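This report looks at selected side-chain pairings in one protein model. The sequence and coordinates come first.

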Amino acid sequence: MFRNWVRVRHGISARVAIPARLQLLDRLHAEGYAALGNVLTTGQCDDIHGYFADKILTDRQDDTSTFMLAQVPPAARLAEYSLHDIVRCPHILALANDSRLLELAERYIGCKPTISQLGVRWSFPASGMRSDLQTFHRDSEDWRYFKVIVYLTDVGPDDGPHVYVRGTHRTRAPVRLKIQSDGEISREYGEERLIMAVGERGFGFAVDTAGVHKGSPPVGRPRLMLQIQYSLFRSYAYVYEPEPYAGNTAFDPYINRLILA
């Protein structure tokens with residue numbers, strides 16, 4: 001009944017799905033993870049890196065600590081760019097509003113989606129305790145949601161890959177960020193259910209983070225990633241301050257209402 005109410009209120013298009021996209025949808029439903037291939041070119045990744053080169057980062061674990069990429073403090077693990085800078089970066093809004101991703105979101109969620117989070121984050125090799133995001137946990141962002149993650153640097157096994165426990169999105173957990181160790185996950189689910197997402201820059205994947213997952217801490221190179229969240233409604237986890245948009249491309253105002261003013 002709830003989903004029918006959402007469809008009536010927010011609408012769902014009657015477009016005919018392309019078989020390859022239905023396969024992605026089926027994989028996301030079944031496993032909670034679906035590789036999208038390269039969704040940005042090398043040149044587009046270069047543009048993004050060039051744009052952010054002189055932009056300010058904020059330490060995710062200490063929001064009073066800000067710095068640029070050329071001056072990362074030794075203790076920094078995770079740092080993010082502001083939404084103000086993200087929406088002005090080339091290619092990001094266009095990708096978040098790409099018709100193929102919006103179709104996947106609409107069909108997975110069951111109605112017209114909302115972009116409820118847009119982030120660009122560095123993960124740095126660092127000693128000491130891991131961040132909670134770098135330990136196995138589940139998210140609880142909305143009734144129905146998923147994320148598209150795009151690597152903006154090459155990511156191998158030592159470069160902070162996303163790790164997901166296949167199929168765990170189908171068993172919901174009541175508490176957000178309940179931390180589990182690698183050993184607990186191996187004993188409970190088995191190594192064969194772990195998906196390690198590795199790929200060259202531009203590689204993207206869709207993932208339902210209601211399932212058990214982590215962003216591995218990099219021990220080789222720093223990792224830069226783009227994260228787009230599609231959901232039914234706003235997420236309680238974020239404070240929304242939409243940014244003015246003066247670009248030439250007309251984006252759907254409902255889908256982007258939490259991001260763009």
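Which residue forms a salt bridge with arginine 88? The partner is glutamate 243, and the closest N and O atoms of the two are 3.4 Å apart. A salt bridge here is a side-chain nitrogen of Lys or Arg within 4 Å of a carboxyl oxygen of Asp or Glu. This pair links distant parts of the chain, 155 residues apart: arginine 88 is in the loop between helix H4 (83-86) and helix H5 (92-96), and glutamate 243 is in the segment after strand E11 (223-231). Helices (H or I, at least four residues) and strands (E, at least two) are DSSP runs, numbered from the N terminus.

The model is predicted; local features need pLDDT of at least 70, side-chain atom pairs count only at pLDDT 80 or more, and totals for chains, interfaces and linings use all residues. Residues are numbered from 1 along each chain as its sequence is written, and side-chain values use heavy atoms, with hydrogens and water left out.

**Salt bridges around glutamate 80**

The whole structure holds 13 salt bridges. In one of them, arginine 60 meets glutamate 80 at 2.7 Å, N to O. Arginine 60 is in the loop between strand E2 (57-59) and strand E3 (62-67), whereas glutamate 80 is in strand E4 (residues 78-81), 20 residues apart. Glutamate 80 also forms a salt bridge with arginine 121, with the closest N and O atoms 3.2 Å apart. Arginine 121 lies in strand E5 (residues 114-123) and glutamate 80 in strand E4, so this pair ties together parts 41 residues apart in sequence.

Accessibility is classed as buried (under 20% relative accessible area), exposed (over 50%) or partly exposed (in between), using a 1.4 Å probe and protein chains only.

| Residue | Relative accessible area | Class |
|---|---|---|
| Arginine 60 | 38% | partly exposed |
| Glutamate 80 | 23% | partly exposed |
| Arginine 88 | 37% | partly exposed |
| Arginine 121 | 11% | buried |
| Glutamate 243 | 15% | buried |

A network of salt bridges links Arg21, Glu103 and Arg107.

**Glutamine 180**

Glutamine 180 sits in the loop between strand E7 (162-165) and helix H7 (182-189). Glutamine 180 is buried, at 15% relative accessible area. Its side chain makes a polar contact of 3.1 Å with the side chain of glutamate 188. A polar contact is a pair of N or O atoms within 3.5 Å; within protein, one must be able to donate a hydrogen and the other to accept it, and residues adjacent in sequence count only if both atoms are side-chain atoms. Apart from neighbours within four places in sequence, glutamine 180 is in contact (heavy atoms within 4.5 Å) with Thr135, Phe136, Ile185, Glu188 and Val212.
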